[in-house]
Amino acid sequence: MVARYERIADELRDEILAGVHPVGAQLPSEAELAERHGAARGTVRQAVAVLVAEGLVGSRQGARRIVLGNARSQSFAELHSFAQWARANGYRFDGQVIRQHRRPPNAAEAARLGPDEVLDVLRLRSLEGEPVLVERTAYASWIAPAVEALPPDCESVTEALYESAALVFAYGEHLIDAVPAGAQDARLLGVRRGSPLLRQRRITTTYEGRPVECSDDRYRAGSVAFSIRNSLGANPLVRRAGDLRFGP
């Protein structure tokens with residue numbers, strides 16, 4: 001038997017996909033939905049949580065939910081930046097550098113980027129006006145000056161570095177897992193400390209194999225889904241204890 005909250009979620013999902021609640025509009029309040037469906041507010045809250053997890057509505061608390069449209073899914077098959085992906089899917093997006101400074105690399109960064117100092121950049125990304133992603137990126141010393149020259153609100157670092165330094169991000173390895181939000185992530189993303197975040201650790205190189213960056217990206221739960229298309233001969237998915245490894 002289908003649970004009551006699932007039936008409400010199904011109806012709301014159909015309305016969103018049919019345009020009854022257009023992208024950018026506010027979803028009816030919990031009280032309004034409870035009255036309409038003759039259900040308790042807790043049941044409505046469960047139904048809305050389903051849509052949040054699917055990426056159809058925003059997860060910001062304390063206000064009416066904002067309709068985001070179709071489920072947001074980013075593919076690992078294509079090496080697109082956050083901005084390129086968001087623009088291609090018609091989302092409003094922005095980003096802001098919170099902090100950047102040069103420092104010596106840690107052991108893992110030195111093994112991947114070399115022994116020279118790295119440029120450490122903390123950046124916050126938003127979709128449809130809601131914070132969804134905290135990026136912590138260490139750039140190799142050879143590309144650091146070009147990154148430092150970018151404005152703090154640069155929409156696409158990938159595109160800007162291509163234009164200014166002819167840099168092409170050609171290959172990437174992605175590790176994904178779930179981590180609890182620390183104090184800084186919780187504050188920046190507007191969630192409670194300890195809330196689950198989807199972490200994507202990424203290493204990117206040029207066509208020649210020259211390392212460009214190591215990044216630790218943390219997505220707010222329900223904000224973005226990742227899709228994987230693989231076959232036996234290409235782009236296999238490899239499972240390892242403690243994480244997932246993507247790459248040939």
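This passage walks through a predicted model of one protein chain, from its overall make-up to a few individual residues.

The overall picture comes first. The protein chain contains eight helices and 10 strands. Of its 248 residues, 46% are buried.

Confidence is worth a look before any details. The average pLDDT of the protein chain is 82, and 81% of the residues reach a score of at least 70. Among the elements, helix H6 (residues 144–148) has the highest mean pLDDT, at 97, while strand S10 (residues 243–246) has the lowest, at 42. The pLDDT is below 50 over residues 241–248, a stretch that has 24 contacts in the model beyond near neighbours in sequence. Residues 230–234 also stay under 50 in pLDDT. For residues 230–234, the model has four contacts beyond four places in sequence.

The next feature is a pair of helices. Two packed helices are described by the angle between their axes and the distance between the axes. For helix H1 (residues 4–18) and helix H2 (residues 30–37), the axes come within 12 Å and cross at roughly 110°. Angles of 65 to 115 degrees count as roughly perpendicular, and H1 and H2 are therefore roughly perpendicular to each other. On the H1 side, Arg4, Ile8, Glu11, Leu12 and Glu15 take part in the contact, and they meet Leu33, Arg36 and His37 of H2.

Asp120 is part of strand S3 (residues 118–127). With a relative accessible area of 11%, Asp120 falls under the 20% limit and is therefore buried. The side chain of Asp120 makes a polar contact of 3.5 Å with the side chain of Arg99. Leaving out residues up to four places away in sequence, Asp120 touches Arg99, Gln100, His101, Arg103 and Thr137.

Ala140 sits in the loop between strand S4 (130–139) and H6. Its relative accessibility is 1%, so Ala140 counts as buried. In sequence, Ala140 and Val118 are 22 residues apart, yet their C-alpha atoms are 5.3 Å apart in space. Beyond residues up to four places away in sequence, Ala140 touches Leu113, Pro211 and Val212.

Ser195 is found in another loop, the one between helix H8 (183–189) and strand S6 (196–205). Ser195 has a relative accessibility of 19%; because buried means under 20%, this residue counts as buried. A polar atom of the Ser195 side chain lies 2.7 Å from the backbone oxygen of Arg192. Neighbours within four places in sequence aside, Ser195 is in contact with Val179, Pro180 and Ala181.

Ile66 belongs to the loop between helix H3 (41–54) and strand S1 (73–75). At 23% relative accessible area, Ile66 is partly exposed. Ile66 and His21 are 45 residues apart in sequence, and the distance between them in space is 9.4 Å, C-alpha to C-alpha. Not counting residues up to four places away in sequence, Ile66 touches Gly24, Ala25, Gln26, Leu56, Val57 and Gly58.

Definitions and conventions
Residues numbered from 1 in each chain as written. Predicted model: local features only at pLDDT ≥ 70, side-chain atom pairs only at ≥ 80, totals over all residues. Heavy atoms only, no water. pLDDT = per-residue confidence, 0-100. Helix = DSSP H or I, 4+ residues; strand = E, 2+ residues; numbered from the N terminus. Contact = heavy atoms within 4.5 Å. Axes fitted to C-alpha atoms, helices over the stretch in contact; angles between N-to-C directions. Parallel < 35°, antiparallel > 145°, perpendicular 65-115°, else oblique. Buried < 20%, exposed > 50% of the residue type's maximum accessible area, 1.4 Å probe, protein only. Polar contact = N/O pair within 3.5 Å; in protein donor to acceptor, adjacent residues only side chain to side chain.
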